[in-house]
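Hi everyone, thanks for coming. Please have a look at the sequence and the structure on the screen, and then I'll walk you through them.

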Amino acid sequence: MKDIILRLENIKKAFGDTQVLKGIHLEIHRGEFITLLGSSGCGKTTTLRIIAGLEDADEGRVILEGEDITHAVPNKRDVNTVFQNYALFPHMTVAENIGYGLKIRKKSKEEIRRKVEEMLSLVQLEGFGDRYPDQLSGGQRQRIAIARAAVLEPKVLLLDEPLGALDLKLRRQMQLELKRLQKSLGITFIYITHDQEEAINMSDRIAIMNHGVFEQIGTPNEIYYHPETSYVASFVGDANIYREDGKLYAVRSENVLIHEEEECTHEAVVLEKSFAGGQLRILFELSDGQRITASRYGIDAEVAVGQRMKIGWKVAVEVKEQKGGSDEED
Amino acid sequence: MKKKKTFSGIYVAVLTIITYVPIILTVIYSFNESKSSVSWTGFSLKWYEELFRDREIKEALINSLILAGSSCFLAVVLGTLGALGIFKMLEKPEQYKAFAKINNVMGYISMLPIMIPEIILGMVFLAVFSFMDLPFGMLTLIIAHTTFCIPYVFSMVKARLVGMDKALAEAALDMGATPFQVFWDITLPLIMPAVLSGTMLAFAMSFDDVVISIFVTGAKVNTLPVKIYTKLKTGVTPEINALATMMLLVTLILLMISSILSKKWKKK
Amino acid sequence: MKKTKGCIWLVMPMYIFTLIFVAFPFLYMFLLSFMSRAKVWGVDFTFTLANYEKILDPLYLGTFVDSFKLAFLSTGIIVLLGYPYGYFMARMSEKWKKRMMLLIMIPFWTSALIRLYGWIIVFRSNGILDKVLTGIGLTDSPLKLLYTYPAVVVGMVYGLFPFMVLAVYSSAEKMDYRLVEAARDLGASSVKAFFTVTLRLTLPGLLSGVILTFVPSMGLFFIADILGGNKILLVGNVIQEQMTKGRNIPFAAAMSVILMILTSLMMALYRRVSGTTELEGIM
């Protein structure tokens with residue numbers, strides 16, 4: 001039995017006529033790094049805001065260490081948030097920003113100074129205390145925002161797409177740093193992102209959200225190799241969803257075989273060839289109209305658009321219909 | 001491309017110079033010995049001496065300062081609170097559905113004083129103050145000026161609030177601040193520049209107003225612009241030149257202070 | 001987060017003040033315009049339409065026409081002079097933008113009366129303008145421009161010019177100049193690019209500048225008073241005279257109502273065309 005620090009029970013939330021959260025359940029373990037992954041509008045930010053108390057759930061309960069905090073005001077909750085665009089106070093120095101929560105808690109000046117110094121060195125920005133946020137780079141602001149939330153030693157730290165505004169290189173670097181920070185702080189992280197690579201790189205567990213429900217909750221391995229629903233398979237693994245006899249199978253594009261092998265039993269015609277991320281992607285149409293994408297590194301596939309050939313696959317995982325409904329719904 | 005730059009530069013320069021011609025002439029003639037502004041007869045400071053001796057002008061100046069100061073103060077209090085209230089309601093449209101219509105109508109009415117020709121406002125106040133039986137003087141002046149000072153403060157502060165990142169207040173709340181602390185530590189410092197520039201604009205508008213003041217000033221109280229207006233109507237005296245120069249100087253100093261302050265603000 | 005409706009108390013003071021000192025007075029003005037004039041001073045509260053009939057009198061109707069003419073003329077000149085000015089300013093380097101802003105703000109913050117006063121010096125007979133013009137041989141005798149129509153127009157244009165410049169500037173400053181370059185790149189001539197891109201994108205500023213100059217120009221009676229002597233009669237002057245010397249408050253109210261309706265129509269038109277209620281430049 002794992003130590004549960006935060007539990008969401010049947011949370012529902014609607015904005016006007018739109019049901020954003022359709023009754024979600026989630027148990028978060030002490031000290032884990034859990035990621036809510038989903039495309040924009042799936043309800044992940046709303047979930048986070050409900051945990052933070054910035055949004056009020058219509059139904060359901062939020063339980064932090066056995067205590068019901070569903071309707072507690074945000075300033076009385078032992079959780080802190082790192083906001084999407086950092087939300088650093090522009091009129092305060094870096095040190096004042098980090099120390100703000102401590103000042104609110106009426107800590108002594110000496111203690112505030114010491115803790116701010118500690119945090120600054122933890123995020124490797126010693127000596128930046130007297131600067132103002134607009135004198136910092138995006139990556140530096142990001143670290144200050146994390147320091148500001150983490151200095152309060154919350155039970156749970158909420159991070160709302162904290163790396164969203166950074167460029168790719170900086171993102172990769174910050175991913176590692178965040179993971180390191182989480183380990184050294186020992187705080188539970190609830191992390192939000194729409195980038196599946198980021199989620200897989202950093203998380204202990206991933207909860208995949210789609211239209212206000214969780215499609216699957218599991219370790220990166222489980223999510224990647226054993227997708228439960230078609231949505232998970234296509235969102236995380238970039239898999240083809242193949243229908244046969246009323247069943248759904250997820251076929252990863254790299255597992256599609258195109259050379260004459262014994263598994264190649266499907267008649268197909270090449271519709272399109274394109275390069276993406278160093279990979280050759282070939283779009284096939286099967287005789288029953290279903291479309292399958294195959295991908296390869298390097299240019300080893302000598303196929304031409306319009307060419308007829310047989311394709312097949314060895315690895316196909318049976319998945320369920322996605323839970324959250326399709327995009328056409330709204 | 002080069003030619004275009006030269007043309008636009010000359011165009012702007014010529015118009016700017018024309019803008020300054022009457023102002024510079026006023027300054028030059030304030031040092032003219034002769035009473036007429038037709039010919040230059042020699043340098044003199046006598047009009048300044050006369051100006052400083054003029055008790056009526058001094059009184060009018062003090063009145064204008066009191067008037068602009070108090071109507072600005074009222075406008076800042078009412079306008080800032082109003083903007084904060086409206087903004088809070090805009091944030092939670094669900095909760096304040098019933099007020100949306102009222103806010104729209106009231107918003108329109110409160111902007112009226114700066115949306116219509118001033119003469120109408122003057123006329124309206126003259127009529128209504130005599131109906132209300134208010135004694136014409138400083139009180140009526142302050143009420144009238146407050147009505148047209150509020151929109152400047154209100155709309156500037158509101159624009160600033162709407163443009164403010166909502167996450168800032170949420171972040172403070174998230175870190176444990178009470179709503180009052182959020183207001184005091186975050187919202188107030190961030191809207192301060194808007195409050196100040198709204199106040200400055202309102203002060204200038206009030207200090208400069210002739211049209212409305214003429215209607216509501218009554219016989220006993222004179223504001224500086226009203227005084228200047230009557231002097232201009234009765235005949236030009238070089239004393240006005242000196243007064244204009246002094247006012248120009250004060251404007252310049254105030255603008256300089258405000259630009260230094262805003263620079264400091266930005267540095268922070 | 002179940003909060004009481006505390007925000008209402010924040011807006012209350014402003015609303016109460018606005019109701020008593022703006023809404024009520026305007027309502028009162030509207031009512032007054034249907035009242036009769038008392039024998040000596042004040043208002044006789046009996047219903048009449050006479051005030052509105054009186055406005056149709058060619059004498060008063062003429063002042064409306066004259067005021068509109070003057071307002072249109074001044075606004076037109078201000079647009080022609082101020083639009084390029086504001087636009088050029090927005091295209092200057094950051095350093096010059098700041099300098100120009102200061103140069104614009106100094107007259108803007110200076111008392112309107114004081115600035116008008118300078119023109120008296122310029123225009124008076126044998127004043128600076130006459131001396132310069134005869135000096136370079138353009139005219140033989142003094143023009144005696146003071147207390148003439150052109151002087152009033154110059155005064156109007158001069159007084160309201162900064163409003164237009166600031167409105168156009170703030171709109172042009174926000175414009176992405178690359179759009180003009182894109183249009184040129186796509187083959188538009190510079191004239192075509194101006195009308196299809198620049199003008200379209202700075203239209204909100206231009207329109208708000210028009211409102212900010214046209215509306216006040218209807219009521220600035222003191223400009224006509226000081227630079228036009230008593231020769232040029234505008235709606236503003238009539239309202240002022242009826243209130244003070246004429247003591248016919250109901251008639252002044254009726255004229256104000258008409259003037260207000262006309263300016264409100266302008267505002268409504270502005271809203272229609274620009275799609276916003278905010279006036280650019282000043283706020």
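First, some ground rules. This is a predicted model, so to speak of a local feature we need pLDDT of at least 70, side-chain atom pairs count only at pLDDT 80 or more, and totals for chains, interfaces and linings use all residues. Residues are numbered from 1 along each chain as its sequence is written, while chains are lettered from A and ligands numbered from 1 in the order in which they are written.

Now, chain C. How many helices and strands are there in chain C? There are 12 helices and two strands, where helices are DSSP runs of H or I with at least four residues, strands are runs of E with at least two, and both are numbered from the N terminus. Reading along the sequence, you meet one helix, the pair of strands, and then helices for the rest: α-β-β-α-α-α-α-α-α-α-α-α-α-α. The C-alpha trace of chain C spans about 80 × 70 × 35 Å along its principal axes.

Let's pick out one helix pair. In general, two packed helices are described by the angle between their axes and the distance between the axes. In chain C, the axes of α11 (residues 235-244) and α12 (residues 249-274) come within 8 Å and cross at roughly 155°. Axes here are lines fitted to C-alpha atoms, for helices over the stretch in contact, and angles run from 0 to 180 degrees between N-to-C directions. α11(C) and α12(C) are therefore roughly antiparallel to each other (angles under 35 degrees count as roughly parallel, over 145 as roughly antiparallel, 65 to 115 as roughly perpendicular and the rest as oblique).

Which residues meet there? From α11(C), they include C:V235, C:V238 and C:I239, and from α12(C), C:I249, C:F251 and C:A252 are among them. Being in contact means that the C-beta atoms, placed from the backbone, lie within 7 Å. By class, this helix contact has nine nonpolar, two polar and no charged residues. Ala, Val, Leu, Ile, Met, Phe, Trp, Tyr, Cys and Pro count as nonpolar, Asp, Glu, Lys and Arg as charged, and the others, Gly among them, as polar.

Next, the contacts between chains. On the chain C side, 65 residues touch 65 residues of chain B. For chain A and chain B, 17 residues of each are in contact. Here α2(A) gives the largest share of the chain A side, three residues, and that side has 10 nonpolar, six polar and one charged.

Finally, chain A itself. It holds an open sheet of three strands in the order β11-β12-β18, with antiparallel pairing; two strands pair if DSSP finds at least two bridges between them. The edge strands are β11 (239-244) and β18 (317-319). β11(A) and β12(A) pair over six bridges, and A:E244 stands opposite A:K247. Helix α8(A) packs on the sheet, touching β11, β12 and β18 of chain A.

Chain A is also divided into domain 1 (4-225) and domain 2 (250-329), with bounds from an automatic or database domain assignment. Their C-alpha centres lie 38 Å apart, and the contact takes five residues from domain 1 and four from domain 2.

Technical notes: Contact = placed C-beta atoms within 7 Å.
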